[in-house]
Structures are given as C-alpha cells and as structure tokens.
Amino acid sequence: RSHILALDQGTTSSRAIVFDALGQAVAVAQQEFLQIYPRPGWVEHDPATIWKTQLNTARRALRLAKLSAADIAAIGITNQRETTLVWDRTTGKPIGNAIVWQDRRTADICDTLRRDRADRLIRRKTGLELDAYFSATKIRWLLRHTKGALANACAGRLRGFPPQPGGVCVGLLPRHQAGGGPPTPPGRGAPAPRRAPGFRHDRLVAGLESHRRPGTHHRRHKRLANHAVQHPHRQMG
C-alpha cells in the first residue's frame with residue numbers, strides 16, 4: 001500500500017484526491033451537487049446526494065490514478081463542519097435533509113436562549129458563542145419539525161451528527177453499521193480514533209465503509225449536540 005486517499009466533502013461539491021508516498025497529488029476528482037433553499041435564510045442538502053457524489057469521486061480518483069483499493073494505505077476526510085443530519089439507527093435512513101452550516105432558521109431559538117442568559121453558561125462550559133451555526137439548535141429543529149422524530153428520539157431510535165467537529169464525514173463511514181450508529185472520525189481539531197482490528201481500507205473505498213470503533217468526541221461540541229438529542233422534551237424556544 002503506497003497511496004493515501006483524501007475525501008473532501010464540501011458545501012458545494014465533493015472531491016477526492018489521491019496522494020503518493022511523497023505527498024504529491026496524482027489524481028483528483030470533483031463533483032458539484034445541488035443546493036436546496038426552501039426559504040430565505042434556509043439551506044439544505046440531500047443526504048443521498050452527499051453520499052453518492054463522495055463515493056463517485058473516490059472511485060473516479062482511483063481510476064484516474066490507475067489504482068485499486070488495495071493500494072490505499074490510509075484515508076483522510078475533511079468536511080463542511082456543522083452541517084447537521086439525524087437518521088434512524090435501525091434503517092440508517094435520514095429523517096430529512098441535512099441542515100447546512102449556513103442555515104439561519106434556528107436564530108430565534110438562539111435569541112430565546114440568549115434572553116434567558118443561557119449563552120453565558122454555554123460560553124463558560126464550551127468556550128463557544130451561542131449561534132445558529134452550531135449543531136445543537138439544528139438538531140432541536142429537526143426533532144420538532146419532523147413527524148415522529150421526537151418520539152423516536154425519546155425511544156433512542158435516532159442518531160445525529162455532528163456531535164464533534166467531524167460533521168458530515170461521520171455519515172460517510174457507517175453504511176453497513178446502521179444498528180450501531182456512526183463512529184467518530186478525526187475532524188478539524190478532533191482527536192483521532194483508535195484503529196480497530198479488522199479495519200479494511202478496500203471496503204471503505206468501495207463503499208466508504210469502515211470497521212472503526214467510536215473514538216473520543218470533541219468535548220466542546222458534544223455537550224450541546226448530545227443535550228439536544230438526549231433531552232428533547234426540554235424547551236429551547
């Protein structure tokens with residue numbers, strides 16, 4: 001194994017780059033995808049489109065480099081950060097479109113929390129400002145505006161991301177592990193997970209699949225996102 005495959009799942013396109021042992025890019029593939037604007041200030045992505053475009057670019061980059069999955073020593077993923085998606089842990093299917101990091105639909109929730117001075121608690125515990133950019137209020141919105149989502153969350157049937165800076169890349173990994181939920185991959189600023197026995201890069205390339213065990217969550221983001229999923233009955237606006 002002599003090459004590295006980098007997956008760049010961005011806001012407007014998915015891209016894959018193959019690097020050789022010297023760090024030189026030997027093949028690049030990129031595919032743009034549709035942006036969905038249901039209302040002014042709202043931005044969504046189709047989860048299936050994210051998956052398909054990233055998979056297509058990974059396969060195309062390997063073909064351009066004249067390599068097979070067996071030639072890949074490691075895979076790295078970078079992504080569009082706080083774009084948020086909730087899915088059924090049993091079926092692996094999303095309950096709706098992903099809410100993109102640019103989306104401002106939950107600004108009113110943040111305003112309510114700010115009036116209650118919850119922003120001070122959030123800043124003290126996480127070091128972050130209260131803003132609709134982050135995933136917690138996006139998860140809240142999905143649970144309250146998707147039929148059956150709140151009840152399913154209370155029953156433990158839903159999973160969501162990003163609970164850490166790994167964002168959409170979390171959902172690129174566990175296609176064959178719907179029952180167990182996604183692993184935590186290294187993201188921007190997130191600790192790298194341990195490599196589990198039996199990890200096969202060929203399966204990850206072929207279907208962007210992985211046998212990873214969950215790694216360490218990034219604490220600052222985990223508190224907000226996990227609170228929204230684990231305590232959906234608590235009012236946030």
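**Strands and rings up close**

Modeller: Happy to! Seven bridges connect β1 with strand β5 (residues 72–79), and the two run parallel; bear in mind that this is a predicted model. Within that pairing, D8 stands opposite T78 of β5. On its other pairing, β1 meets strand β2 (residues 13–19) in the antiparallel sense, over six bridges. There Q9 has S14 of β2 as its bridge partner, and three residues lie between β1 and β2 in the hairpin they form.

Now to the rings, where the count comes to three aromatic pairs. One of them is W101 with Y133: the ring centres are 6.3 Å apart and the planes stand at 75 degrees, over the 60 degrees required, so this pair is edge-to-face. The pair links distant parts of the chain, 32 residues apart: W101 is in the loop between β7 (98–99) and α2 (107–115), and Y133 in the loop between α3 (118–126) and α4 (135–145). Y133 also pairs edge-to-face with F134, at 4.9 Å centre to centre and 75 degrees between the planes. Together, W101, Y133 and F134 form one aromatic cluster. F134 has 14% relative accessibility, under the 20% cut-off, so it counts as buried. W101, at 30%, is partly exposed, and so is Y133, at 23%.

Finally, look at R105: it lies over the face of W42, 3.9 Å from the ring centre, and its charged end also sits over the ring of W141, 4.4 Å from the centre.

How values were computed:
Residues are numbered from 1 along each chain as its sequence is written. This is a predicted model: local features need pLDDT of at least 70, side-chain atom pairs count only at pLDDT 80 or more; totals for chains, interfaces and linings use all residues. Side-chain values use heavy atoms; hydrogens and water are left out. Two strands pair if DSSP finds at least two bridges between them. Helices (H or I, at least four residues) and strands (E, at least two) are DSSP runs, numbered from the N terminus. Rings of Phe, Tyr and Trp (its six-membered ring) pair if their centres lie within 6.5 Å; planes under 30 degrees apart count as stacked, over 60 as edge-to-face and the rest as tilted. Buried means under 20% relative accessible area, exposed over 50%, partly exposed in between (1.4 Å probe, protein chains only). A charge sits over a ring if NZ of Lys or CZ of Arg is within 6 Å of the ring centre and within 35 degrees of the ring normal.
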